[in-house]
Structures are given as C-alpha cells and as structure tokens.
Protein chains: 4
Amino acid sequence: MSGVWGNKLKISIFGESHGVGIGVVINGLPTGFEVDWDEVLVEMARRAPGQNDLTTPRKESDLPEVLSGLFEGKTTGAPLTAIIRNQDTRSKDYSQLKNIMRPGQADYPGHVRYGGHNDHRGSGHFSGRITAPLVFAGAICKQLLAEKGIMIGSHIKSIGTIQDISFNETTVTKEQLEKFKTEQLPVFNEAKAEEMKQLILAAKQEGDSVGGTVECMVLGLEAGYGNPFFDSIESTLAHLMFSVPAVKGIEFGTGFAITELFGSQSNDAYYYEGDQIKTATNHNGGIIGGISNGMPIVFRAAVKPPASITKKQQTINISEKKDAELVIEGRHDPCIVPRVLPVIEAVTAIGILDLML
Amino acid sequence: MSGVWGNKLKISIFGESHGVGIGVVINGLPTGFEVDWDEVLVEMARRAPGQNDLTTPRKESDLPEVLSGLFEGKTTGAPLTAIIRNQDTRSKDYSQLKNIMRPGQADYPGHVRYGGHNDHRGSGHFSGRITAPLVFAGAICKQLLAEKGIMIGSHIKSIGTIQDISFNETTVTKEQLEKFKTEQLPVFNEAKAEEMKQLILAAKQEGDSVGGTVECMVLGLEAGYGNPFFDSIESTLAHLMFSVPAVKGIEFGTGFAITELFGSQSNDAYYYEGDQIKTATNHNGGIIGGISNGMPIVFRAAVKPPASITKKQQTINISEKKDAELVIEGRHDPCIVPRVLPVIEAVTAIGILDLML
Amino acid sequence: MSGVWGNKLKISIFGESHGVGIGVVINGLPTGFEVDWDEVLVEMARRAPGQNDLTTPRKESDLPEVLSGLFEGKTTGAPLTAIIRNQDTRSKDYSQLKNIMRPGQADYPGHVRYGGHNDHRGSGHFSGRITAPLVFAGAICKQLLAEKGIMIGSHIKSIGTIQDISFNETTVTKEQLEKFKTEQLPVFNEAKAEEMKQLILAAKQEGDSVGGTVECMVLGLEAGYGNPFFDSIESTLAHLMFSVPAVKGIEFGTGFAITELFGSQSNDAYYYEGDQIKTATNHNGGIIGGISNGMPIVFRAAVKPPASITKKQQTINISEKKDAELVIEGRHDPCIVPRVLPVIEAVTAIGILDLML
Amino acid sequence: MSGVWGNKLKISIFGESHGVGIGVVINGLPTGFEVDWDEVLVEMARRAPGQNDLTTPRKESDLPEVLSGLFEGKTTGAPLTAIIRNQDTRSKDYSQLKNIMRPGQADYPGHVRYGGHNDHRGSGHFSGRITAPLVFAGAICKQLLAEKGIMIGSHIKSIGTIQDISFNETTVTKEQLEKFKTEQLPVFNEAKAEEMKQLILAAKQEGDSVGGTVECMVLGLEAGYGNPFFDSIESTLAHLMFSVPAVKGIEFGTGFAITELFGSQSNDAYYYEGDQIKTATNHNGGIIGGISNGMPIVFRAAVKPPASITKKQQTINISEKKDAELVIEGRHDPCIVPRVLPVIEAVTAIGILDLML
C-alpha cells in the first residue's frame, strides 16, 4: 500500500528502475487548468541524471507521456496519468547482486519485506528513479499554486561540512528562488559552491559519496491552512519528505536549534504592518499549531550520501548465509543533493496543494 | 479532518482543553487482549501535570473511563473508546485572551482557520492536553507490542544547550529503557540531570521557558516492516511526531549529522552474528528504504520551549487591529520535555503497531 | 476498522448494546454552525424504542451528551463528540445465549470474526442501538443541508406484502416529507397504514416479526454532485445504507424495474422549464454517471424482519458442537421499519453532505 | 477523487474512452504470485466488444501491457500497473454532441460537475470502457481467491421481462459457474437464452436497447470475513457494484423479497453437517451483521438498458439553452448485460480479496 498518498489530491506512483516503465496517476486536480508543459519539462530536467560531471553519466530522456486526464490541453477532472518508459538500463550490472546485500540500500529489508520477490535490479521500486513521476506531479501542483500566488524554492544548505548561509526567513524574494532554479549548485555564497563542487568531485574520484542538507521555502501561503494534530502542515510535509529516498531528517523554522532558545525568544512576536499581520522573527517556520500563520514556510531536510559507491564494502551473502565483500560497478551519483532539490520542492507542492484544495 | 489517523489501526481523538471532556476511539485492535490498566495509568501519570516543581501545578486526575470495546476485561474487536472529563479548569484565566493573539500559540492561525469559532480557552483543541488520549491509546499499543518482544523507550537528549550522551544504537538494553520510565529527568549522565533541573527552575523563576530534545528507541522490531515511499517507517513516525504539539524537528539514526559523513561511512555494513544479520554501525537508525532492517530504531525529536510564559510579550489585538502588549497569567510548564517523553513513545507505539498489523 | 466512514466528513461510531455507552465523533463539520438541539432530539425520538405498541417496550432516554466540538453553542471545527450512556439493560436476558447462535443475528459470524471475544449481550456492537449515534450525526448534517435548500424524507413503501404507493419522483413537496416525520406509520395511502399496523400486531402476537421497504427522497440537490466510479452518489449512499443493520437491498430510481424498460423509455428526456433543466421522467432517480442531475434523488431500501423473535427456532450450540433449540425471551420489535426511517434519512444526510463539502 | 478504491488493496483506475489510453494501478497484492495471463485474457475477452451480433461491432484488441509490479513473472509487492491503448475510436461520431446532452448518459451531470472541461467523446471517463482495467484487476484477484478455494461466478437472471431461474443458494457447484463463463448468454434455462437473444436482436433492429439483471455468487468463502457497519460485505460489494456504469440496484440473498417473509422464515436456521456449520435456507445471502457465515454469498444487480440508442430522442442544447432533438449515430450495444457479467465478477473479486487480506 506504499504507492498512494493524499486526501483531496490522490497521487498513485508506480514503477521499478529496470522494469518497463514508471509513472503516476493524479486524482483530484482542478478542472480546466492548462498545464505549461515546457515548465514541467524544466522541472524534470532539474532532476534528470547525466546533466554534468557531478551526477551519474546515466542518460534518461525521461519524456513523460500523458495517457489520460487532459482534453484540448486542459485538465478534465478525470485522473491525470503520465508514464515514462525506462531506457538505457544495464541490468547485467545488477545480476551479481541478487544475493549480496548492498549496505545502505533497501536490498536486505526489501528482501525480507517482499519475501525475496522484489525486483532487485537498480533497487527496483526503491529506486530514486521513481521520484521522476513525483517531480512530474509536483510540477503541475506548482503551477496551480502559482495561480494562488504561492512559490516554492530551495537551495543547498550544505554539502558535507561545507555550509551555505540560511534563507532569511522574512526577506527572501521570489526572484531569488527563481534564480536558484537554473543553477547547478544553488547557494547564496558562491564561494561555497566551488568548495562543494570540489568535495563532490573528490568523493567521486575516491569511489565514495557525500550528503548534504536542503533548505526549502514556501512563499505566499496565507494564514489558516493546515490542521492541528494529524493533518498539520508539518505532518503532511514530513510524511512526504520521508517518502523521498535518502532523506533522514527534517526540521521546520529554527528546528533543532529552537531547543536552545528561551520561550521569550522562540515566541515569534506579532505586529501589524499596515493591515498585514506579521511576526518579527520566524522561529516557527510559518507554522503554529500545525497551521500557517502567513509567514514564509521554511524547513530543512537532511539527505544522506548515496549508498551506491564503488569502494570495497563489507556485507553479507544471504543465500550462502555468510559475510562477503562487495565492489559495485555501474554509474552512480557521488552526491544526490543537487538532483533532490526539485524532488523536495515537488512533494512540498503536492502537500501544500492538498491542504489548500 | 484533523482528528483521525491510521491504516489498520484507526485512532480518532477529540476534545478541547476547557470543554466537557476529551478522549479517543481506537479501531482495529486485536481481539481478546487483556489490557493491564495499572500499566496504562503509569503511562498517563508520566504525562500528567502537577507531578513536581518542574511542571505546572495544575492538577488533573485524568482517569480515563472506558465506554466501549471491552468485555470481561478483554478487547472485543469493536471500537475501544475512552473519555476523560475535564476538571480544575479556570476558564476566566483565558477570558482576556479572546482577541489578544498569544505569540507561539495557535491562537492566530486557529482564529483564521476556524473563522473565529474555535474554542480559545486554554488553546482549545490545540491544547497539549489532547495528548492524554494519545498516551492512553499508546499505552495499549505498547502492551500489544511487548507481546511481540518490542519495547519503546526514550530519554532527554538535551534541555537548552545541556546535552546528555546519546543512546548507543547497538547496545542499549530494555532494562535501561525501563529504568528511564520511572525517572523525573531520565538521562544517562546524572550530573546533567541536575544541570537541566537548575536551568528549568531558573527559567520558571524568570517567567520564561526552555525546550529540549528527546531521543527515542524501538528495540526488538524485526527486519521487514514498513514500506517504500508513502508509508515508510520514517513517514509514519514523522507524521505522528509532528502531531505532537511543540515538536519542530525529527531525525532518524545519525540524522542531520549523517550529511557530514561519506557514503563509505554512512553505509552500515552487514555481518552475520551466528544466524542473525546485524550492522556494525547504525547510522540509518534501523530503517533503510523505509523498512526496518532489524537494528534498533532510533530518532530524535526537537521540542520547542512552551509558548506559555508570564514575561511581557509584544503581540496584536485582532478585534482592534493594532499592536498590543500581553502578560499571561495562569499556571504553565516551564519545560514540557519531561512530560512529552511518554507522548512521543505513545505515538511511536501507535505507528509501529499500525505498520505491523 | 469497521467504525470509521467518510472523506471530507469523518464519522467514527462506537459502543455496544450492553456496554457503558455508545457515541460518535464527527470530524469535518463546518465551523460556526449553531445546532438546533430540539430538532436533533426530534430525530432521535423518531428512532427511540418504546414509543408505542408497535415497538419494543424497552425504554431508552437516549439523551446525547456533547463532550467536544461546541463553544458558545456553535461548532468549533474540532471533532464534535456525543455519547449516550446505556440504561435499562437486562443483560441476564442474554446470559443463556453465549453459546447458542441466534438465527438471523450476527452471533455466529461475529463469534468467528472476533475469536469469541465480541460482547454477545444484546448483539453487542452489532446492535441496532448503535444507529442512535448515526441519527445524532445525521440530524446535524440534515440541518447543514437545510441551509443549502436540501431536504431528506422518507415513507414506508411496504410492510410485508402490503404496499403503499410510491413517491411521485417529480412532484412530491417538502411539506409532504415534513408531514411524514410526525407520523407513526408514514404512508400516502392511509388505509394501508391501518393494514400495516394490523400485520405488525398480528406478528407480535405470534412472537414473530415482519419486514418492509423504505422509500427515501432527497429534494433540492442541484446538478453536479457526486463522481463517476468509486465515489458515485449510489456507491456512497449504498455503502452507508448497508451499514444499517437489517438492510438487504437498495435500488435507485426505478431500480430493478428499470431492467424491464427499453432504453427509449429509461432514458429520462431533458427539457427546459424556463431556465431550469429538468427531465420528463425520473427513472434514474436523479443520478446519472454517479452524479446528480438536479432531479430528486429517490431510492428504496429493503429491511428484513427483525431476527429477534420469541417463536421456537432451530439452531446450534457451538460449545457443545451440536444442534439446539432456542426460545428467546426479552423485549423486541415486531417490525423495525418505522424506527429505521430516521436512520436511513440520517445516513443519507451524512453521505450527501460528505459529497457536497 | 473518483478513481481510487480500497483498504488493503488500493485500486487506481484511469482513462477516457477516446483518450490515449486507460489502465489501472493495483497496490497491495501479495508478493511472489505467478499470474496466469491466459486466464486474464479470457476474462478480458468476456467483456470485450465485438464478440457477436448481440454486442457493438466496435473492435478493441484490448491487450493490456504491464508496466510495473512484475519480475520474472511474479508479483513483486510494488504497485502492479497495466495500460491499454485506445484504438478504433471514431471521435467525429461525437463531435456534434458537445452541446447536445444525451439522455441517460452522464453528459449533463458531467458537464456541470467538471465545469464543461470533461472529455465528452464517447462519454470520456464515464465510459463503460473504463471497466476493462477493472476486469484486468479482478482477474488477478480471482486467481488469488482461487488459491484460497473461493470461486466467483454469475449468470443472467433476466433480460427485460424474461426471467431465468435463480441460483439454488445451497447446491450450485463450481462446475456450473465455470461452465457459465464460456457461454454467450449464460442461463440455467436454455429456452430462455433463445428468448433473450430474440429480445435483444429485436431491440437492436428498432435502434433501441434492453436491460436485465445479473445474479452473482461467491462460493467457498469461510465464515468470519467482513465487518459490522461501515465495512460490511454488503457495503463493500455495493460500493463497488454501483461503480459499474448502468447498475441501478443491488440485493443480497432473498433481497427485496425478504421483506415479504416473517422473521421465523427469514432467520436461516443453523445446523451441523458433520463438523460444518450450515444454514437450512440462505435468505441472508451468506452475510449476517456484515460478516460471512460460510454459506454462499448471493446477490443480484439491476443493469439498466444502454443509454446509447439510435431512436430519435428529446433533449436540450445547453449552449443555445433550448430544447432539441437528437439522433445518435455510432456503434452501440443493444444490451450490456452479457458483457457486464465479468465486470460484476471482477469487482466482486476485488472487494472480497480486500476484505480477506
């Protein structure tokens, strides 16, 4: 039951990395909406592999084909379905891996969960490739949100120990977010981008990988969306964020660091700016009691280093029930952070739109 | 629709802080289970206010009354319902607050969300008091998990900047978790407990408050539970955790710090210990691909300082549409962390049981 | 998981016939709605037992107590909860029945389903008594629908083989539906009411019971509500209707008899009456493609004779694993149809409101 | 949100009659199951048009392509997706119909529901063609049920006023159900089959259409499946049945006729046949309290005459806001009953399997 999410929207994703194809069915979209397909392809290109020397050289054309839910270029209200056929798969790269459990990958838990029947090639249904349909769905949701004046953007907050500065939670503009969308390593401090690049290339050289954090922002969401308890904005976004492979943490507003403040500091004081209600600080990341307060939504997600490395690793052979050594070949990302930005934005868009419909 | 959660379990919570009563309906419990009510009351007492000088002096007897779902002491398979009547409420404490939006509280977003019709007294349905039914439900789930050899426990990882040491993710025992349950400030390093206590009392003295982090562990969960994507263990637990008022962050395993490792470090190497499959490290917190790998589940949650402080605060009056000053009276917790431990354990139990049924 | 229903509304019912109490939690109600409690009690009185010599002499005061979701008389947006404590239960009437499976009752399937742990007294959670909270919830939904110009009413279409005439699907007025609400045996043809009464009393005299059909109508629902496939109006209402104990059939519009028409007859022809679109006939009961077409919604439900009769019956003793004879004592309804009318209207109101929110 | 159904299974269907393609995503299938594709194609062929002179001459090859969820011929546990590309569509047949609302079709309610943006060609998403993916999903569910000893079959109970005899609810065998699967007009009384055929051909000759009823049976389901109230077997099956276009009624067991019995008749008496518990009659259709009692499940569904007829009809033109006459051309089924049998069996299989998982 892993593949369906949503209340007013219902997103159903499917596919395996080396199967016939992957895709998504989206229920609940407003009718009569004219999707900007160029914009959808821009988002998908941000996630696609093979863009530059920081990512896997694996190429995917990743052109989604829409099967249903559109008529004369507009959404019909019926489920909107898109599929992407798999190409450029080299399944033999994975043939040796049937019984050797790759550390950090879902091989072993997946083997137990599915009784050994899961498609292990390229991580099968666990593959990051299944995020392509999420980006497709998110790109449409982003456009629907843009009509309501809402924009979602993100930047790389850190790669390894190299830190960019944070969003200013009250003054960042949509223009800044828009600019980030076109950058290879979107950061505020460009000197850091070069350091990050060198770290990634060094890891690649070693057959190793590095992680990082993503900082994401939702601008333009008015006060009053979300719910207390089970359908809080934080619950909704965190649920989706941990559906993105490799995410191991999420924090809203000042996050873990809010625990070092006193209440007199962490309570964001309200004031009127003309007719508008604002807060002087934004330690709560635009969300109190699970509901938006009109300030920007800010959160950070921790993205672990890709598990696929070519360095020799210790692991087990489950058919022989003994320890084993493993050297993986194939084409891998030394760092997934740049490609995960549009995925994180996409699921954020899906979550926010679901709460607003 | 905020009050219902679950797939195989369905938990429906209700109530307002100063209404007639609060409670929970639990669908999907196994039948014929004999609940240990003493144990349930122990859990509820851990969360209850008025325990000592670190918590609010407000007293609640908090005795749940079971209305349905039990017959001859055992679960029937029909919905199990418990209610707790509200007592010792001093609603006049809140009468001045109808139009003054307390910073850090859900007053303003709740006012917008519910068109001004939400019960504002004592935060109404947003109150931390609504977590009492969650602890009730969680206490039953804990007992059902115990039958499967699973134990959930937690300690205070930090108060303000005072840090306890972390769980050793591979060697902590059920005995240690059990011991923590009876402590006022459960930490490994007892010297830190005294420091934490002083910090809390100092904040109380100032009419201020402090936050902290909770570290929680699930021991005994076998490999193979959870799902990729939308129903991952992380998604499930994070969803529930952010339903607990004041939680602003969650991280699994090494969490945000995993982003500073190389893949060759963060990939937990498998090995055989006799017939058992283990990992040498546990940076992934017992979860890979959203599914348990048989190692302990570990996560930390960030708990912000309570918003209810008696220090003077800047805010707004929404009926007069102008800025205002606010001094709140009433009886408040200077630090919610000790009382939130059983809540975090409870929702963890609910989430894990739901994934296992 | 049997006790929760709904998409935008979420209704969670609970309770057993001879337990402590029964009730309902309603999520998703609009905020700021002032419930007319007299009207709620009128609906509950229509369902209550002990009204006259046609129903069981068992008395229930059935006064619901609202625990949450109301503030200053209006809905708050938080879950609205009401409980009804059980009274006048004579559990010893059922003590002999633990192992004797009453024919036509849920005793045997419930015993298997719940491993023998279900509360068997008075049918436990299977009892028709659990429909009281449904009527409570439905009464509130009816008031919310009335604000939108929508009225739901019903009459007895038949008792045994005694048939009333049917609604005229195009000309019945709200006044007629309103009048039915106050009648003991609401029918168009009053001569038939007397025949029905005699049949019920004769069955009662024999220690037997009779069934009947209910015809229900939704007036004032505009075109465009509902969905194709899984959330059609028919699917939604049928799902709810078969949740009402004793219902064994449902048909919309001309129903089973539509199968005897030609398409040229069953196709309801559209025409303009001024600006309004109407159909000349209403064989489709106001629903095409799962969606309302603006004509009255009409359906009939088949209600089987109450299973509780005092005549001697053949059955089994499951502890002794042999055949047995059974004579039930206790106080029972010889015919449930008059009391089921408000239940059918209530779940109709719940279903229609859910589709409209 | 119309396109997703299920609890433990989740079925997501999509597509429009004249769009690019249709299909289904199935979540929750057991892993390691080897699907018999020949058997799937047999079921799909039963539903396919163009089989003989009783159905529309429109040809569809209707070969489903599996995109995901299979590996080495077995289910992986990941979502199983199949698509069918549309062919042989003659959209110009529908171009005149944009503003002329066909009586008995979803044109008008769909137009209002979707703001005029629904794909009107060939009924778009409302088309009976979308039942092909349901048959595909149901065919897999049938095979999984067969492994548990459960068989689902059906026959034509009536066409127009021509009635076949009913199933004997206690003695019908799996062999009889199997035989029905290969017949053009499966009935017990073969003389009736010829009468039915003549009626259908006569209607076709007139440019008219006829309806009928389907009787369906589930053999081999043990006692104890289902739930009281909202997830009763009847609620589950009725919900699905009314998702099948043209179904206007459903009744279980003796159905509407049970209302003419006395309780002493409708209470199915239990007895032991060796170790097995049986009932002497089966008026309740194998379901009491929403739960199976081990006897065969029996229900009948009313299927209205196809709305697509070539006779002249009265209707409206919604762009011109005036009455209009309509003569539809195109290729239509004079009677949908023979083709709807496998659809009804399919959704029955989906519903029963969902309750059993």
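Which strands of chain D does helix H5 of chain D lie across? In this predicted model, whose local features need pLDDT of at least 70 and whose side-chain atom pairs count only at pLDDT 80 or more, totals for chains, interfaces and linings use all residues. Residues are numbered from 1 along each chain as its sequence is written, chains are lettered from A in the order in which they are written, and side-chain values use heavy atoms, without hydrogens and water.

Helix H5 (residues 190-205) of chain D lies across S8 and S9 of chain D, at about 60° to S8(D); helices (H or I, at least four residues) and strands (E, at least two) are DSSP runs numbered from the N terminus, and angles run from 0 to 180 degrees between N-to-C directions of axes fitted to C-alpha atoms, for helices over the stretch in contact (heavy atoms within 4.5 Å).

Strand S8 (residues 151-159) of chain D is joined by eight bridges to the antiparallel strand S10 (residues 212-219) of chain D, where D:Thr213 is the bridge partner of D:Ser158. Both strands belong to an open, antiparallel sheet of 10 strands, ordered S9(C)-S8(C)-S10(C)-S16(C)-S11(C)-S11(D)-S16(D)-S10(D)-S8(D)-S9(D); pairing requires at least two DSSP bridges. Strands S9 (162-163) of chains C and D stand at the edges, each with a single partner strand, so one side of each lacks a neighbour in the sheet.

Chain D can be laid on chain A with an RMSD of 0.0 Å by a turn of 180° and a shift of 0.0 Å along the axis, by least-squares superposition on C-alpha atoms of residues with pLDDT of at least 70 in both. The two copies are thus related as by a two-fold rotation axis.
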